[in-house]
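Please keep the sequence and the 3D view at hand while reading.

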Amino acid sequence: MTQELVVVTGGAGFIGSHTVDRLLERGCRVVVLDNFSTGKRENLDHRRDDENLRIIEVNVADGIWAALSSVEQAWQPVDRIIHLAAQTAVVTSIVNPLDDIRSNYATTVHLLEYARCRGVKKVVFASSAAVYGDVDESPVRETAPKVPLSPYGIDKLGSEMYLRYYAEVHGIPTNALRFFNVYGPRQDPKSAYSGVISIFMDRASRGVGITIFGDGEQTRDFVFVGDVSRAIVTACFSESASREPVNIGTGNETTVNQLAQLVIDAIGSKSAITHAPSRAGEIVRSCADVGAAKASLGFEAQIPIADGLKQTADWFQSQS
Ligand code: UD2
């Protein structure tokens with residue numbers, strides 16, 4: 001059987017590098033397109049000698065045709081595309097919406113055009129729970145009203161609509177996956193807007209104080225990156241998946257207070273917990289309805305939060 005060639009944009013990032021691991025384990029040829037703005041070479045260092053992996057430094061917003069022509073000639077045509085590259089900071093999108101349109105919206109259309117011209121078999125897109133905004137429904141179903149509260153969320157929602165259009169009108173199979181709060185090894189804690197688990201892990205492993213914004217009773221659906229990468233690869237090779245976007249979460253809510261304690265326990269840390277005022281625009285409850293992912297992809301998250309936090313804690317401690 002010929003090996004399939006899968007392009008992963010953002011493949012050197014947190015979610016991308018775990019996805020690349022899975023694809024290589026499955027026997028695929030993988031081309032990573034990454035501009036290393038947030039992705040890191042070290043996330044794929046352990047694959048350095050893998051002859052089935054090529055890493056191309058390129059900003060996918062600037063175009064992919066030239067970048068891919070060398071692999072198309074040397075290897076084979078692109079079979080499938082997993083589009084994870086994005087400007088991921090919501091706050092940045094609010095400060096500069098036009099840049100966000102270019103990075104997070106126009107780039108999706110660009111990839112879909114490539115897919116149409118090349119007859120690509122599947123395009124999988126990383127969407128976000130941010131498409132819902134502050135919705136009243138919990139757990140939130142895919143059919144809930146979409147009122148995104150940032151250019152980031154608007155561009156994810158617009159990208160989803162383009163995926164649907166290319167599927168309907170041009171017959172390109174597509175899947176948009178709405179990620180909830182993804183966490184795990186390789187998540188970068190450096191920014192104030194990094195995922196809360198990476199921030200708490202980093203601080204707990206250094207023994208410095210953990211700050212909870214607000215009363216800490218706000219909830220999130222924290223989903224382990226190993227589950228998320230499995231959902232992505234499942235969608236990538238699914239022939240039967242519906243083209244409707246699906247939530248990728250666990251269906252379980254954890255409060256930030258519970259989370260802080262779980263992180264401290266997983267690290268065995270003595271960090272103190274303090275409270276600070278709530279973030280502006282804080283969402284109070286966020287939890288995925290996971291029925292559609294099960295029905296469409298046969299996907300269910302498997303890693304309980306305590307296990308995922310243990311794996312994440314081990315990784316953070318191995319870094320220090
Ligand atoms: C995530 C995205 C956000 C938007 C949203 C859509 C990140 C980092 N944030 O926001 O941009 O896409 O999802 O649903 O991807 N917290 C603390 N202490 C800290 C850091 C965070 O208490 O040091 C709280 C924070 O106030 C929030 C919770 O932890 O209640 C989760 O924060 P987050 O930034 O990881 O994720 P979220 O869902 O607020």
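Helices and strands are here DSSP runs, numbered from the N terminus; a helix has at least four residues and a strand at least two. The model under discussion is predicted.

Rolling a probe the size of a water molecule over the atoms shows where empty space is left. A cavity is a set of points where a 1.4 Å probe fits but cannot get out, and the count comes to 1 cavity of 30 Å³ or more. The largest cavity holds about 40 Å³ of space. Two elements, α5 (151–170) and β6 (174–179), each contribute at least two residues to its lining. The residues that line the largest cavity are E160, L163, R164, T174, N175, A176, R243 and P245. Sorted by class, this lining consists of 3 nonpolar, 2 polar and 3 charged residues.

The next space to consider is a pocket, which is an open set of points. The second largest pocket contains about 280 Å³ of space. Its lining is made up of 16 residues, and K40, P189, K190, W315 and Q319 are those nearest its centre. At least two lining residues come from each of α6 and α10 (305–319). The lining of the second largest pocket divides into 7 charged, 6 polar and 3 nonpolar residues.

In total, 17 residues surround the ligand, and the closest of them are V90, Y193, V196, R220 and E282. The shell comprises 9 nonpolar, 5 polar and 3 charged residues.

Which residue places a polar side-chain atom 2.6 Å from an oxygen atom of the ligand? That residue is R220, which is also listed among the closest residues of the shell. The backbone contributes through F213, where an N or O atom is 2.9 Å from an oxygen atom of the ligand. On its own, the ligand has 720 Å² of accessible area, and the protein covers 83% of it.

Definitions and conventions. Residues are numbered from 1 along each chain as its sequence is written. This is a predicted model: local features need pLDDT of at least 70, side-chain atom pairs count only at pLDDT 80 or more; totals for chains, interfaces and linings use all residues. Side-chain values use heavy atoms; hydrogens and water are left out. A residue is near a molecule or strand if one of its heavy atoms lies within 4 Å of it. A polar contact is a pair of N or O atoms within 3.5 Å; within protein, one must be able to donate a hydrogen and the other to accept it, and residues adjacent in sequence count only if both atoms are side-chain atoms. Accessible areas come from the Shrake-Rupley method with a 1.4 Å probe; for residues, only the protein chains shown count as cover. Ala, Val, Leu, Ile, Met, Phe, Trp, Tyr, Cys and Pro count as nonpolar, Asp, Glu, Lys and Arg as charged, and the others, Gly among them, as polar. On a 1 Å grid over the protein atoms alone, a cavity is a set of points where a 1.4 Å probe fits but cannot get out, and a pocket is an open set with protein on both sides within 12 Å along at least five of seven lines; lining residues have an atom within 4 Å of a point. Grid points are joined across faces, edges and corners, and a volume is the space filled by probe spheres set on the points.
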